Amino acid sequence: MNKEIETQVVVLGSGPAGYTAAFRCADLGLKTVLIEKYSTLGGVCLNVGCIPSKYLLYISEVINDVKGLSSKGIDFGVPNIDLSKIRFWKNKILDQLTNGLNTLAKHRNIVVLHGSASFNTRNSIIVDNNHTNICVHFSHAIIATGSKSIKSKLFPRDNTRIWDSTDALNVSMIPKRFLIVGAGIIGLEMATFYSALGSNIDVIDSSSQLLPFLDRDIIAIFKKGIKKQFNLILNAKIEVVESRRHEVYIKMKDNNKKEFESCYDAVLVAIGRRASCNNLGLEQLGVQLDNNGFIIVDKQLKTNIKNIYAIGDVLGHPMLAHKGIYQANIAAEVISGKNHYFEPKVIPAIAYTYPELSWVGVSEEEAIKFGIDYVSAVFPWKASGKALVSNSGNGMTKLIFDKKTNRIIGGSLVGKHSGELLGEIGLAIEMGCDAEDLALTIHAHPTLYESIGLSAKIFQGTITDILTHN
């Protein structure tokens with residue numbers, strides 16, 4: 001062994017969950033080592049996920065907003081798109097954020113090691129650091145190695161034309177004909193971006209329903225909003241893929257066994273993600289995994305080996321950075337001796353499409369499924385002055401209330417910037433607020449978030465802004 005290090009806590013992975021765990025451990029006075037496989041901190045989220053995708057989606061939002069103004073008397077013409085400048089500014093933002101993480105780690109005296117890591121024993125990890133083996137002896141370990149794209153054997157290796165999400169975020173070209181396989185959040189977000197840049201896009205999915213975990217009235221508004229952006233092909237599967245010199249040939253079959261074929265300049269395969277923990281030596285260590293390869297933990301984020309914790313995407317769905325960040329704080333605090341638990345009532349989620357889809361807590365579909373006696377209250381954004389003047393009247397705020405207690409238990413929204421409205425709904429659910437608490441809170445006018453208070457008034461039967469059937 002070339003080198004040995006002793007520490008109290010070792011954190012594997014430097015994404016939002018990993019770096020938060022390391023920073024919190026250090027702040028609590030624990031000697032901490034942070035291990036990252038790649039050359040930069042930040043993990044998938046910062047480098048090839050959440051942050052670059054939101055930058056690109058901001059660009060597409062501006063383009064779509066400008067297009068929307070053309071019918072209102074303001075026309076800027078066809079946008080001039082310089083991909084090299086887009087990549088330059090994207091990389092500049094990422095450098096700024098990763099450098100910030102390096103600074104924060106340095107000021108906390110965290111030892112950062114770059115290299116591949118695997119457990120040697122329950123109290124030691126071997127890090128291959130540029131062909132130099134470092135043995136880290138620890139009292140506690142936190143696994144935060146994230147997730148990676150699921151590959152399909154149906155698609156040949158061809159990084160120039162057959163992409164995963166990382167390739168799509170590199171923006172190497174604007175495919176004139178673009179197929180996206182998978183109508184999940186990643187697929188829909190990339191369809192939003194590339195359609196704004198001018199790609200003709202088909203999005204194919206084997207499911208008969210788009211985002212089946214969301215309510216159908218929310219999806220109906222969403223479909224209306226995306227109709228001019230890209231083409232959805234549901235309830236279909238791909239039969240044949242051929243990577244040719246200048247295109248990718250695809251043969252598909254729908255639910256009626258009708259075959260159809262097309263050629264594309266690029267194909268994005270976005271069929272899901274799986275835990276990125278298969279090379280850590282967990283099997284030899286005896287760490288328990290579920291049938292899908294995700295790590296099993298208790299409410300304090302401990303694995304079956306009590307000094308080894310796991311947080312973030314390696315635990316499974318929902319694979320959200322804010323879930324991992326929250327868990328990171330809990331794990332660090334438990335290691336420091338605090339009696340804390342991971343038991344949030346709700347975890348918010350957003351699809352940064354155009355329009356945005358946002359949800360938190362119980363949906364109407366779930367309320368029916370679980371036999372909850374509920375009432376839904378829906379406020380259409382076409383009755384919102386703020387929505388109309390910002391060309392976003394195609395939206396809706398929907399709240400779910402427990403009929404017995406009048407407490408809010410869920411909320412779903414569709415519309416521009418709808419994700420910014422989730423904060424109040426999530427806080428209200430966590431605090432056990434009822435409809436009256438929301439209705440009696442004065443909301444600024446004109447805003448989109450006042451639709452939350454107005455939805456509560458719909459539930460109460462005191463709404464004056466729209467006519468109801470009560």
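First, the ground rules. This is a predicted model, where local features need pLDDT of at least 70, side-chain atom pairs count only at pLDDT 80 or more, and totals for chains, interfaces and linings use all residues. Residues are numbered from 1 along each chain as its sequence is written, and side-chain values use heavy atoms, with hydrogens and water left out.

Cysteines, then. The structure holds one disulfide, meaning a pair of cysteine sulfur atoms within 2.5 Å. The partners are Cys 45 and Cys 50, with their sulfur atoms 2.4 Å apart. Their link is left-handed, at -125° about the S-S bond. How accessible are the two partners? Cys 45 is buried, at 15% relative accessible area. Cys 50 is partly exposed, at 29%. Here buried means under 20% relative accessible area, exposed means over 50%, and partly exposed lies in between, with a 1.4 Å probe and protein chains only. Cys 277 is in no disulfide; the nearest cysteine sulfur belongs to Cys 45, 18 Å away. Cys 277 is buried, with a relative accessible area of 5%.

Next, charge pairs. How many salt bridges does the structure hold? There are 15. The test is a side-chain nitrogen of Lys or Arg within 4 Å of a carboxyl oxygen of Asp or Glu. Take Lys 54 and Glu 189, which meet at 3.5 Å, N to O. That pair links distant parts of the chain, 135 residues apart: Lys 54 is in helix H3 (residues 50–69) and Glu 189 is in helix H6 (residues 185–197). Helices are DSSP runs of H or I with at least four residues, strands are runs of E with at least two, and both are numbered from the N terminus. Lys 54 is partly exposed, at 26%. Glu 189 is buried, at 6%.

Now a network. Salt bridges link Arg 177, Glu 242, Arg 244, Glu 247 and Asp 265. Within it, Glu 247 pairs with Arg 244, the closest N and O atoms being 3.8 Å apart. Glu 247 is partly exposed, at 22%. So is Arg 244, at 36%.

One more pair. Lys 306 bridges to Asp 298, with the closest N and O atoms 3.8 Å apart. Asp 298 is partly exposed, at 32%.

Last stop: Lys 228. Where does Lys 228 sit? Lys 228 is in the loop between helix H7 (216–226) and strand S11 (231–233). Lys 228 is exposed, with a relative accessible area of 84%.
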